[in-house]
Amino acid sequence: ILITLGVAYYRYARMPYIYRSGVTAIIKNAGDDIRTARLDTYDQMVNKVSVSNEELQLKSITIMSEVVKALDADVNYLDHIKFRSVELYTSLSPVRIAFDREREDPGIFSITVMPLDADHIRMHTETGSQTVALGDTVALGTGRVVFLPTERYGPDYYGQQIEIQKIPVTWAANGFISRLSISDEKNVLWLSERDINAQRAADIVNMLVIKYNEAAVREKNRVAVNTERFI
């Protein structure tokens, strides 16, 4: 009995907390004149919108990849508390990384950083460790990154290790899509995301609506240009 209880406690202590955040969005039909936040669909030229098509587009890897890039959600900041790994996201982490996605994407890596003082951190990689000044550009993975302090950076985090993981955008996008739930009722969609960080879950669903609308605008502009050329 003691062994069973010990194993059960260990498994529970390792399980991350799961948070859920959602947003309600209105699908606008061609004749609608509702003055509120809504999803601009690709089908506004017709009188009826296929809700199932909109759900498929919201779960597309292309749009979710844009969401991941906009939020830097392919970078995980983990703090290990006892047996449990806690996702700090950029709002809770004392340090964040920045890089040029077009020219110097670092690819895949996993490192540990430890704030030393107001201007320096200690970076540990598989090949060794080094002291890095905040704001300096450092070669990492297949590219280069800059370590920047956040508003939470300070003496409270000196000597505390933070694990930073960078994964491919498509991996992150597929993960968020798998945890995304969409339900509809009379052209009203409820988008809900589950994640181990509450703020990131909220940012994902809100940015998803923004990127979806941007894609809709691009599509309508393309249709308008092609129509004009045809005429």
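The dialogue below takes these features in turn.

Q: What kind of model is this?
A: The model is predicted.

Q: How much space lies in the largest pocket, and which residues are closest to its centre?
A: The largest pocket holds about 200 Å³ of space. Its lining has 16 residues, and Asn76, Arg179, Asp195, Ile196 and Arg200 are the closest to the centre. Strand 2 (75–81), helix 5 (169–178) and strand 12 (188–195) are the elements that each give two or more residues to this lining.

Q: What is the volume of the second largest pocket, and which elements line it?
A: The volume of the second largest pocket is about 170 Å³. There are 13 lining residues, with Ile111, Thr125, Glu126, Leu140 and Gly141 closest to the centre. Two or more lining residues come from each of strand 5 (109–115), strand 6 (120–125), strand 7 (128–133) and strand 8 (137–140). The lining of the second largest pocket divides into 5 nonpolar, 7 polar and 1 charged.

Q: How many cavities of 30 Å³ or more does the structure hold, and what lines the largest cavity?
A: A cavity differs from a pocket in that the probe cannot get out. This structure holds 1 cavity of 30 Å³ or more, and about 40 Å³ of space lies in the largest cavity. The residues lining the largest cavity are Pro16, Tyr17, Tyr19, Arg84, Ser85, Val86, Glu87 and Ile196. Strand 3 (residues 84–87) supplies the largest share, 4 residues. The cavity lining divides into 5 nonpolar, 1 polar and 2 charged residues.

Q: Which residues of helix 3 are buried?
A: In an α-helix there are 3.6 residues a turn, so residues three or four places apart point the same way. In helix 3 the buried residues are Ile63, Met64, Ser65, Val67, Val68 and Leu71.

Q: What is the phi of Asp72, and where is Asp72 found?
A: Asp72 is not a glycine, yet its phi is positive, about 55 degrees. Asp72 is found in the loop between helix 3 and strand 2. Its relative accessibility is 30%, so Asp72 counts as partly exposed.

Q: Is Tyr89 buried or exposed?
A: Buried means under 20% relative accessible area; Tyr89 is at 4% relative accessibility and therefore counts as buried. Tyr89 lies in helix 4 (residues 89–92), and its phi is positive, about 60 degrees, although Tyr89 is not a glycine.

Q: Where is Leu189, and how far apart are Leu189 and Glu54 in sequence and in space?
A: Leu189 is in strand 12. With a relative accessible area of 0%, Leu189 is buried. Leu189 and Glu54 are 135 residues apart in sequence, while their C-alpha atoms are 9.4 Å apart in space.

Definitions and conventions:
Residues are numbered from 1 along each chain as its sequence is written. This is a predicted model: local features need pLDDT of at least 70, side-chain atom pairs count only at pLDDT 80 or more; totals for chains, interfaces and linings use all residues. Side-chain values use heavy atoms; hydrogens and water are left out. On a 1 Å grid over the protein atoms alone, a cavity is a set of points where a 1.4 Å probe fits but cannot get out, and a pocket is an open set with protein on both sides within 12 Å along at least five of seven lines; lining residues have an atom within 4 Å of a point. Grid points are joined across faces, edges and corners, and a volume is the space filled by probe spheres set on the points. Ala, Val, Leu, Ile, Met, Phe, Trp, Tyr, Cys and Pro count as nonpolar, Asp, Glu, Lys and Arg as charged, and the others, Gly among them, as polar. Buried means under 20% relative accessible area, exposed over 50%, partly exposed in between (1.4 Å probe, protein chains only).
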